[in-house]
Structure formats: structure tokens, C-alpha cells
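I opened a new page for this protein. My plan is to look things up one at a time and note what I find.

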Amino acid sequence: PVFPSSQARLEISESVAAGARFPLESAQDPDVGINSLQTYQLSANPHFALDVQTRVDGSKYAELVLEKELDREEQRELHLVLTALDGGSPPRSAHVQIHIDVVDANDNAPVFNQSTYKASVRENTATGTLVARISAYDLDDGPNGDIIYSFSSHTPAKVRELFALDSATGELRVKGQLDYEETKLYEIYLQAKDKGAVPGVAHCKVLVEVVDVNDNAPEVTVTSVYSPVPEDAAPGTVVALLSVTDLDSHDNGLILVQVSDVNDNAPKSSQDSYDVYVLENNMPGIPILNVSATDPDLGRNALLSYTLLQGDPTVGHIFSINRDNGTLYLLTSLDHEDQVEFSMVVQVQDGGSPPLATNVSVSVFVTDLNDNAPTVLYPHPNTTATYTDVVAPGSPAGHMVTKVVAVDADAGYNAWISYTLLQATDPSLFSVGLHSGEIFTARQLREDDAPQHTLVILLKDHGEPVLSSSATVSISVAEMVKEVLTDLTDVAPANDPRKHVTFYLILAVILVSAAFFITMLSVGIFKCYKWRQSKELFNSSRSTLYRTPGPFHHIDAVRGGLTPPNFYHQVYLTTDSRQSDLLCKKPFTSSPLGSRQSTMRNGEPGLYHQIVGTASRLPTPAE
């Protein structure tokens with residue numbers, strides 16, 4: 001079999017009722033008998049069935065029968081396949097594609113996306129201002145789906161005069177002059193129609209609220225006047241009754257009495273005082289604080305200005321405040337080691353007449369940074385003199401030899417110093433206290449130990465980052481200072497140009513020591529002679545003032561000033577001694593200062609040595 005064409009196209013309206021029949025073009029088969037065209041078949045689908053009919057001449061033809069109504073909005077087109085079969089063996093067939101276009105019918109009315117629209121406009125709104133935009137849709141196609149917007153038939157003529165509706169876009173705009181005092185709310189009914197032969201219609205409502213503006217002046221009406229008024233009328237006598245009305249609503253209809261402001265409120269700060277913490281070594285010009293204040297007055301009376309009071313002249317060179325907003329700035333870089341705290345007063349003043357002011361105290365604390373390495377005090381690192389400590393041969397383990405003294409200019413944890421033995425001639429011989437800096441013997445000294453030792457002590461603080469310095473300590477193993485001096489001379493370089501200077505210095509020390517010994521011996525002899533004279537005087541005089549020795553040291557007794565200014569005897573006790581020395585003073589001067597100086601000069605030599613020996617000892621960390 002053969003179809004005249006490979007495709008067939010049909011247009012069927014969606015409004016066609018079920019049972020409608022649509023003839024199809026027949027196929028041709030030149031064979032005869034059983035080999036000729038025998039039947040037709042249709043591909044499966046939900047809407048159409050195939051009805052095969054026989055003509056008078058015995059030929060076959062087919063018709064489409066609509067079993068289920070079409071819906072263009074659900075399916076716009078259908079594709080079917082029609083097959084023609086003969087009765088030969090084997091049977092032969094032909095196919096044709098049937099394309100069905102579902103033609104739209106105006107079976108859908110327009111639908112608004114909401115049934116009620118709300119809008120508000122001011123009564124003085126200009127003409128052409130958009131009030132609302134309505135919108136509807138139609139599922140139909142072509143003219144059946146085109147929508148036209150319009151006022152409903154029962155819309156009052158007054159509404160049509162005040163509002164205009166665009167039939168294509170659905171925009172509702174102001175057309176006339178609105179008046180709140182005349183109408184406060186408009187209820188406008190609108191409709192949407194399609195362009196079908198029998199158009200579908202939808203309706204909606206727009207509620208337009210008119211907002212009042214202050215477009216009416218108050219009207220004053222004199223309801224009654226009491227005239228004439230007697231000249232002796234008392235204060236408070238009613239003269240007239242007035243009635244004031246305003247057509248506007250709410251606040252627009254009140255009578256407002258303006259109260260002028262008086263500068264009766266001083267500025268008030270959110271805080272009475274501020275504590276500000278600033279890291280040292282800051283960048284100059286940074287803001288560190290914003291002083292906040294308010295004033296409930298109005299206008300110039302509430303206009304605030306901020307001033308830094310110059311109590312301390314240095315504050316003005318370091319800090320500055322913005323006059324308008326109260327921001328406090330740092331003009332220079334701060335140093336915690338130079339000054340830890342700054343105190344100042346910020347004055348907040350309004351612009352009234354006379355002005356009112358409030359003072360706010362500000363304290364700025366400089367927070368420490370670890371910017372200082374430990375500084376060695378002993379032995380001093382920046383001197384050409386050699387500090388040599390002495391330890392006796394055979395000293396046991398744990399014997400304290402010397403102490404490294406250091407300080408750190410930082411504060412708190414940044415100033416904690418730890419001491420570590422970095423380098424030593426014999427690392428096994430000495431150890432250093434981690435926190436005290438005291439150098440001890442780690443074991444007992446032996447005869448084969450070197451006579452000279454050099455220790456390098458590393459000093460570190462506990463800051464972040466850690467800063468460090470070092471100290472070099474020289475230790476000699478010797479019995480006497482003379483041996484140390486000899487050792488120092490021996491280890492000096494042969495080509496040192498200062499070796500002669502060292503020799504003369506040693507010689508000068510020896511000569512000074514000898515002169516000192518001779519002087520002290522002479523003073524001792526002279527004191528014995530004076531003591532004998534005072535003893536004889538004591539035995540011969542009964543009026544001598546005697547005071548029982550008390551627990552006073554020599555210096556305490558001299559400073560006491562408990563005896564007559566012209567003559568006294570005194571008993572002095574030396575520190576850690578049970579022997580008492582009687583000291584006698586002859587009349588010298590009426591000045592207490594001169595008496596005490598003379599007393600010191602006439603004191604026992606042994607006691608003088610005791611005082612000097614105590615003062616020359618290095619202080620311990622606790623001291």
C-alpha cells in the first residue's frame with residue numbers, strides 16, 4: 001500500500017464534542033484479491049479511535065473518531081501514526097504521520113491575581129501619580145487571551161472624574177483634585193474582559209485611602225465678649241470666649257504652642273571618668289578615646305564643644321582633642337619607662353548664654369612592651385677595668401663565689417630575668433642560679449683546676465619577644481689578693497701598652513695601703529693617750545653624766561643627740577662585739593653638728609674599721 005503523502009495535518013477545535021468524525025486520506029494498493037489493502041491501524045492515544053469502513057467497490061477507508069474532548073490549555077497538539085496493511089504473505093504496509101493542531105476556543109475567563117487592592121495617596125497628590133496597578137491573566141490564546149481593563153458599569157461618575165485607568169496596562173492614576181475633608185476613602189470597582197466572540201469578564205475592587213495634609217488654616221470664632229471691662233477687674237477675669245477649629249485631622253488639626261528653649265541643662269557625659277590603656281611605642285596621631293556627652297537642650301544650647309584643660313603643661317604637648325566630636329588623639333609616641341600614667345580633665349561646654357560645662361576626668365595608662373633588654377650592673381660591661389672575683393683553692397661544692405647583678409627597665413613579666421651559663425673555661429666547675437644570678441661552685445675545687453676562669457652568663461627576660469644580654473665574669477683561684485694581682489699581670493699580653501700603667505696602679509695601691517696603716521696606728525696611739533686622760537677625769541669628777549650602754553650601734557649613738565651640747569661622756573658598742581669603748585669629749589663648740597663630727601673623728605679606730613668593713617660589702621638581693 002502507498003499513501004499519497006507521508007504526512008497529514010488536521011486542525012480540530014477544543015470545543016468539538018466527543019463522537020465527532022474526521023475522514024482520513026486512503027492508501028492505494030494495485031494488487032488484487034487478498035494481496036490488496038485489507039485494513040488500517042492507529043497508534044495508541046487517549047483522545048481518538050479509528051473506524052475502518054468499506055465502500056461499495058470493496059475498497060477500505062478510515063475515519064478518526066473523537067472519544068475524549070480536547071483541551072488546548074492542556075495539550076496544544078497531538079501526533080498520531082496511521083498504518084495501512086494488505087493481506088499478502090508476507091503482509092506489506094505503509095505509514096503516514098498525522099499532526100493535529102488543537103484550535104483554541106474562548107473557554108477561559110480572565111482572572112485577577114487578587115480580588116482586592118489597597119492603596120493610599122495624599123490629598124495634595126499631583127495629577128498623573130500612580131495609585132495602583134491591577135493585573136489579570138487569561139489562559140486562552142490569541143484574541144481570546146487579550147485583556148482590556150475598564151471601570152465597572154456601576155462606578156460613580158465622581159470616581160471617573162478623579163481617577164483614570166489605562167485599559168492596556170491596568171494602571172490606576174490620579175486624574176482630579178482629591179480632598180480629604182470631602183472623602184476619606186474611595187471604593188473603586190474595576191473589570192477585565194478578553195477579546196473573544198463571547199468575552200469572559202472578571203471583577204476586582206481597589207480601596208484608595210486619602211491621607212490628610214495640613215492644607216486648612218485654623219479658624220478662630222469669638223463666641224462671646226464681655227464688654228466693657230471694669231477698670232478694677234481682678235486678674236483672671238474672663239474677657240471673651242474663643243472657639244478655634246481646624247478641618248484637618250489628627251495632629252494637623254491641633255493648635256500648637258511653641259515653648260522656647262532656655263539653657264537650663266548642663267552637658268552630661270555617659271561616664272564621669274575614663275580609663276584608657278595604650279601600648280607604649282605607639283604611632284603618633286592615633287585616636288585613643290571618644291568622650292561622649294549629650295545635652296537635652298535645643299539649638300545652640302545643645303551644641304557641644306570639647307576642650308582639654310591645661311592643668312599639666314606636658315599634657316598639651318602629648319594629647320589633643322577634637323573640639324567638635326570629643327575624639328582624644330595621641331600626638332607623640334609614649335614610653336612606659338618614661339611615664340606610666342597621665343591624668344587630664346576634658347571640659348564639655350554647650351553653646352548657650354551663659355554656657356554650661358561638665359568636666360570629665362581621663363586617665364591614660366601606658367602599657368609596657370618588652371622593648372628593653374636586661375642591663376648588667378655588675379660586672380659593668382662598658383668599662384676597661386677588669387673585675388676579678390676570687391675563690392680559695394679547695395672550696396667545697398655550693399660555695400657562692402660572686403653574683404651577677406642586672407636590672408630590666410621594663411615592668412612585670414617583661415622584667416623577670418633568668419640567668420644561664422652560656423660559656424665557661426670549665427663548665428663542670430661553676431653553676432649559676434636561674435633567677436638569682438649567684439655563681440656557685442658545682443664541685444669542690446681540685447689542685448689541677450685552672451687558676452683563671454672566664455664565665456659568660458646569658459641574661460634573658462620573659463617578654464615577647466625575648467630580649468637578652470650577656471655578662472663576662474672573671475674568677476681566680478687564689479688565697480690572697482696579691483696572688484690575683486700577680487696572675488693578672490702574668491696573663492696580660494706582652495705587647496699591651498698599658499702594662500706600665502697597671503704596674504704604677506698596683507704600686508699606688510700598696511703605698512696608699514701603707515700610708516693608711518701608719519695613719520691608723522698613729523690615731524690608735526693618740527686615742528689611747530686621750531682615753532687615759534678621760535679616765536683620770538672620770539675618776540676625779542662626780543658630776544660626770546653616765547648612761548648605761550644600750551643596744552645602739554655606733555652611728556645610732558652619735559645621731560642620738562641625747563647629751564648636753566657642750567660636754568658629755570658616752571658609751572659606744574661596736575656591731576657584733578661585747579667590748580665597750582668609753583669615749584670622752586671635751587668642750588669644743590655649741591653646735592650639735594660640730595659635736596657629732598668631733599665625736600666621729602675621736603672614735604675608736606677599731607670601730608671605724610668595723611663600719612667601713614660593713615659598708616664596703618656588696619649588697620645582697622634582699623638588701
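Below are my entries, from the whole chain down to single residues.

**Ground rules.** I am reading a predicted model, where local features need pLDDT of at least 70, side-chain atom pairs count only at pLDDT 80 or more, and totals for chains, interfaces and linings use all residues. Residues are numbered from 1 along each chain as its sequence is written, and side-chain values use heavy atoms, with hydrogens and water left out.

**Overview.** I looked up the secondary structure and found seven helices and 38 strands. Helices (H or I, at least four residues) and strands (E, at least two) are DSSP runs, numbered from the N terminus. The protein has 623 residues, and 33% of them are buried. Buried means under 20% relative accessible area, exposed means over 50%, and partly exposed lies in between (1.4 Å probe, protein chains only).

I then checked the contacts, meaning heavy atoms within 4.5 Å. Among those between residues at least 6 apart in sequence, 64% join residues at least 24 apart. The protein exposes about 38,000 Å², and carbon and sulfur atoms supply 55% of that area. Accessible areas come from the Shrake-Rupley method with a 1.4 Å probe; for residues, only the protein chains shown count as cover.

**The annotated span.** I looked in UniProt, where an unreviewed entry lists residues 503-526 as "transmembrane region". UniProt positions are given in the numbering used here, feature names are shortened, and annotations may be inferred rather than shown by experiment. In the model, residues 503-526 are 100% helix and 0% strand, with the end C-alpha atoms 35 Å apart.

**A nonpolar patch.** Which strand gives the most to the nonpolar patch? Strand 17 does, with three residues. The patch lies on the surface and is formed by V220, V222, V225, L242, V244 and I255, with about 550 Å² of accessible area together. Patches are made of residues with over 30% relative accessible area and no salt bridge: like charges are joined within 9 Å, nonpolar side chains (Val, Leu, Ile, Met, Phe, Trp, Tyr) within 5 Å. Strand 17 (219-225) and strand 18 (240-245) each supply at least two of the patch residues. I picked V220, which lies in strand 17. V220 counts as exposed because its relative accessibility is 54%.

**Salt bridges.** Side chains of opposite charge can pair when their charged atoms come close. I counted a salt bridge where a side-chain nitrogen of Lys or Arg is within 4 Å of a carboxyl oxygen of Asp or Glu. The structure holds 13 salt bridges.

One of them joins R21 and D51, at 2.1 Å from N to O. This pair links distant parts of the chain: R21 is in strand 2 (residues 21-23) and D51 in strand 4, 30 residues apart. R21 is partly exposed at 40% relative accessibility, and D51 is partly exposed at 23%.

R173 pairs with E171, their closest N and O atoms being 2.9 Å apart. Here R173 is partly exposed at 30%, whereas E171 is buried at 15%.

Are D449 and R443 buried or exposed? D449 is buried at 12% relative accessibility, and R443 is buried at 16%. Their side chains meet in a salt bridge of 3.0 Å, N to O. I also noted a network: salt bridges that share partners join R72, E73, R76, D104 and D141.

V52 is in strand 4 (residues 48-54) and is partly exposed at 30%. Beyond four places in sequence, V52 is in contact with T39, Y40, K60, Y61 and A62. S363 is in strand 27 (residues 357-367) and is buried at 16%. With residues up to four places away set aside, S363 touches Y274, D275, V276, E341, F342 and S343.

I found a cis peptide bond from S89 to P90, with omega near 0 degrees. P90 sits in the loop between strand 6 (77-86) and strand 7 (93-103). Another cis peptide bond joins S227 and P228, and P228 is in the loop between strand 17 and strand 18. N281 has a positive phi, near 60 degrees, and is not a glycine. N281 lies in the loop between strand 20 (273-279) and strand 21 (287-290).

**Cysteines.** How many disulfides does a search of the whole structure find? The search finds zero, a disulfide being a pair of cysteine sulfur atoms within 2.5 Å. C204 is buried at 3%, while C528 is partly exposed at 48%.
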